[in-house]
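Dear colleague,

I am handing over the structure we spoke about, and I would be glad if you kept it open beside this message while you read. After it come my notes on what was found.

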Amino acid sequence: MEQTFCQSCGMPLEEKLLGTNADGSKNEEYCIYCYKDGAFTGDFTMEEMADFCAQYVDEYNKSTGQNLSREGYKQALLQYFPNLKRWKLPANQLPYATSPLKQQYIDEINALHIEGLPQIENLFVLQGSFINMEYDINGNKVKFLDDNSTYWCNQIQKSHDRCYGIACNEQYIFISEYGKDGTDAKIVLLKNRQ
């Protein structure tokens with residue numbers, strides 16, 4: 001079977017990574033990180049998309065045996081992206097409508113008025129395994145997210161060495177705070193949406 005690639009970010013597609021259309025059906029052209037509920041998950045320019053994807057250069061190098069720098073990977077993506085459907089379409093034909101569920105999460109998070117957390121303006125779709133940190137609960141290391149699920153997420157700088165992490169799905173809003181590379185992670189809020 002011929003390998004297909006996301007027509008937005010270029011990642012190899014497999015069944016569990018397919019994006020979703022507005023009716024919930026699978027979209028065969030885009031991955032779940034780029035396309036959910038019939039719309040792109042982020043209103044990126046091509047350069048912004050390359051910059052966003054370049055943060056995963058280590059995973060790319062590991063799977064391909066290459067040794068690209070982040071900037072080198074970004075430049076390679078900028079040469080590759082013009083071949084993908086998303087970047088060939090005129091801007092007025094791109095489905096940029098914001099997912100209603102995404103906006104609902106943003107509104108719910110902002111309504112919490114968490115001290116130090118600025119108003120959230122955007123969320124992105126990420127795999128749980130990318131954001132699933134360990135928390136020290138009564139001397140035990142605990143993870144709260146499912147590595148194999150996708151979440152609407154964002155990372156917000158709190159101070160020069162601390163960040164807020166946001167992860168949402170249909171069931172929960174989960175907000176944490178952590179240091180560089182996820183060190184010293186603390187739970188700020190776990191809210192059931194049901």
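In which sense do strand 10 and strand 11 pair, and over how many bridges? Please keep in mind throughout that this is a predicted model. Strand 10, which covers residues 172–178, pairs with strand 11 in the antiparallel sense, and the pairing runs over 6 bridges. To find one of these places on your screen, look for F174, whose bridge partner in strand 11 is L190.

This pair belongs to an open sheet of 5 strands, in the order 5-8-9-10-11, with antiparallel pairing. Strand 5 (124–127) and strand 11 (186–192) stand at the edges with a single partner strand each, so one side of each has no neighbour in the sheet. On average, and with direction ignored, neighbouring strands of this sheet are turned by 30° against each other.

Turning to the helices, the buried residues of helix 3 (residues 70–80) are Y73, K74, L77 and L78. They lie on the same side of helix 3, because the arc they cover around the axis is only 140°.

If residues up to four places away in sequence are not counted, I109 touches L117, I120, L123, I166, C168, I173 and I175.

Finally, please look at R162, which is placed in the loop between strand 8 and strand 9. Is R162 buried or exposed? Its relative accessible area is 13%, and because buried means under 20%, R162 counts as buried. The side chain of R162 reaches the backbone oxygen of D184 at 3.2 Å, and, leaving aside neighbours within four places in sequence, R162 is in contact with Q157, E177, Y178, G179, T183, D184 and K186.

Technical notes
Residues numbered from 1 in each chain as written. Predicted model: local features only at pLDDT ≥ 70, side-chain atom pairs only at ≥ 80, totals over all residues. Heavy atoms only, no water. Pairing = 2+ DSSP bridges. Helix = DSSP H or I, 4+ residues; strand = E, 2+ residues; numbered from the N terminus. Axes fitted to C-alpha atoms, helices over the stretch in contact; angles between N-to-C directions. Buried < 20%, exposed > 50% of the residue type's maximum accessible area, 1.4 Å probe, protein only. Arc of directions from axis to C-beta. Contact = heavy atoms within 4.5 Å. Polar contact = N/O pair within 3.5 Å; in protein donor to acceptor, adjacent residues only side chain to side chain.
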